[in-house]
Amino acid sequence: MWPSSSPSSASGPAVKACGLREIDRLFRKAGLVRSLHGKAGARNPKSNHFNRAAQEELFHPAPSPRVAANGVEWLAVSGWEKIPWLWHGFSTRRGGLSRAYCTEDAPGEMNLGFTAGDSRENVACNRSLLAEAVTGNAATPLVAIRQFHSNLVHVATVTDAARERPWKADGLIANEPGLLLGIQTADCIPVLVADRKRRVVAAFHAGWRGTVKRIVELGIGRMRLAFGCRPEDMIAVIGPGVGACCYAVGEEVLSEFESQFQYARELFHEVYSTDVVRAKYPMLFLTQRAPGHSPIGPELHLNLVEANRRQLLAAGLKPRAIQAVGGCTSCQPELFFSHRASHGHAGRMLAVIGIRPPPR
Ligand SMILES: [Zn+2]
């Protein structure tokens with residue numbers, strides 16, 4: 001199930017994908033304790049039931065984007081902007097040159113992934129525009145990776161930005177100033193982490209598969225091993241992705257989470273339709289089928305933001321050190337690309353983080 005090979009670089013090998021026991025071993029080696037209460041996979045008897053919610057209740061709006069001088073609209077995190085050495089940002093679809101995913105009369109868009117439907121020139125130019133918006137310099141090197149829903153984490157250096165074939169991984173860590181680490185998403189959750197004391201940054205790609213493989217917990221253990229980072233010195237932000245409002249999943253996703261997390265059921269909601277006819281004639285819509293499977297019963301929705309917040313807490317971050325940007329890629333198509341909402345025909349956004357070089 002886990003990939004057996006891992007990329008490596010001069011700065012050190014990437015973490016090998018591994019199972020839960022290996023993650024525990026990594027944490028012990030790094031002097032960390034995962035704050036799990038009880039065995040993984042053991043179900044908490046208190047949380048046998050799902051939280052019920054209406055779809056609207058699960059929606060958390062994103063803040064208004066900032067508009068850069070070059071037209072790029074991007075999201076910054078309140079509080080993080082005051083940290084002078086830190087670069088960070090989440091792109092939206094607004095700005096840029098791509099025309100592959102919009103109507104003919106629409107302005108160009110910020111597709112930042114080398115997708116089949118778009119030209120490499122447009123994407124490269126959009127990446128420079130984002131670097132310019134976030135760092136003030138369009139030439140700031142950007143390290144991106146070939147993401148494949150793993151828990152591989154790569155320690156990046158500036159030479160990685162020039163690689164023809166990017167590393168295969170789903171997380172990046174760096175302590176070298178002057179480069180941006182980038183995670184591409186179009187529904188999956190990007191998570192950015194910074195160690196304020198040691199000036200180390202990290203970016204992780206957490207869809208449901210990567211979340212089940214504990215990419216964020218593992219990545220924080222890796223930050224400790226590579227650079228001596230301590231979770232109590234870290235801050236983290238969970239970027240925009242498909243929200244709990246829209247992320248209906250099947251029972252197989254639930255059982256994967258239940259096999260890994262004792263709090264799994266707290267990450268799912270039973271969502272009932274607020275359709276007027278259903279509200280008036282509920283007897284017409286009675287069903288005996290399991291949640292998540294019935295076309296007319298409640299749907300099972302996964303909250304990936306909460307799932308990754310729990311991993312940050314389990315890794316030892318303080319609750320107040322963790323923020324979420326908000327927004328839902330699926331129900332805000334005017335602001336974000338969504339793989340789900342556009343049936344696979346979508347651009348990619350980038351979440352970026354980096355260390356500003358000291359002034360010369
Ligand atoms: Zn939504």
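**Notebook: a look around a predicted model**

I started at phenylalanine 257, which sits in helix α5 (residues 251–260). Helices here are DSSP runs of H or I with at least four residues, strands are runs of E with at least two, and both are numbered from the N terminus. I noted that this is a predicted model, where local features need pLDDT of at least 70, side-chain atom pairs count only at pLDDT 80 or more, and totals for chains, interfaces and linings use all residues. Residues are numbered from 1 along each chain as its sequence is written.

**Entry 1: phenylalanine 257**

Is phenylalanine 257 buried or exposed? I found it buried, because it has 21 C-beta neighbours inside 10 Å. The cut-offs: buried takes 20 or more other C-beta atoms within 10 Å of the residue's own, exposed takes 12 or fewer, and partly exposed is in between, with C-beta atoms placed from the backbone. Next I looked up its contacts (C-beta atoms, placed from the backbone, within 7 Å). Apart from neighbours within four places in sequence, phenylalanine 257 is in contact with Val212, Ala264 and Leu267. I also saw that phenylalanine 257 and alanine 307 are 50 residues apart in sequence, while their C-alpha atoms are 9.5 Å apart in space.

**Entry 2: leucine 317**

I moved on to the loop between α7 (304–314) and β18 (322–324), where leucine 317 lies. Leucine 317 is buried, since 21 other C-beta atoms are within 10 Å. Which residues does it contact, leaving aside those within four places in sequence? I listed Pro231, Met234, Ala236, Leu312 and Ile322. Leucine 317 is also 97 residues from isoleucine 220 in sequence, and 9.5 Å from it in space, C-alpha to C-alpha.

**Entry 3: the core**

I then looked up the largest nonpolar core and found 95 residues in it. Such a core is a set of buried Ala, Val, Leu, Ile, Met, Phe, Trp, Tyr and Cys residues joined through C-beta atoms within 7 Å. Among the residues with the most contacts inside it are Leu130, Leu181 and Ala236. Leucine 181 touches residues including Val143, Ala156, Leu172 and Val352, not counting those up to four places away in sequence.

**Entry 4: two helices together**

How do α1 (residues 20–29) and α4 (residues 215–227) pack? Their angle is about 30°, and their axes are 9 Å apart. Axes are lines fitted to C-alpha atoms, for helices over the stretch in contact, and angles run from 0 to 180 degrees between N-to-C directions. That makes α1 roughly parallel to α4; angles under 35 degrees count as roughly parallel, over 145 as roughly antiparallel, 65 to 115 as roughly perpendicular and the rest as oblique. I checked the meeting point too: Ile23, Leu26, Phe27 and Lys29 in α1 meet Glu217, Leu218, Gly221 and Leu225 in α4.

**Entry 5: two arginines**

I looked at arginine 199, in the loop between β12 (189–195) and β13 (200–206). Arginine 199 has a positive phi of about 55°, although it is not a glycine. It is partly exposed, because 18 other C-beta atoms lie within 10 Å. Arginine 214 is in the loop between α3 (208–212) and α4, and its phi is near 60°, again positive in a residue other than glycine. Arginine 214 is buried, with 25 other C-beta atoms within 10 Å.

**Entry 6: the whole chain**

Last, I took the totals. The protein chain has seven helices and 19 strands, and buried residues make up 45% of its 360 residues.

Terms used:
Contact = placed C-beta atoms within 7 Å.
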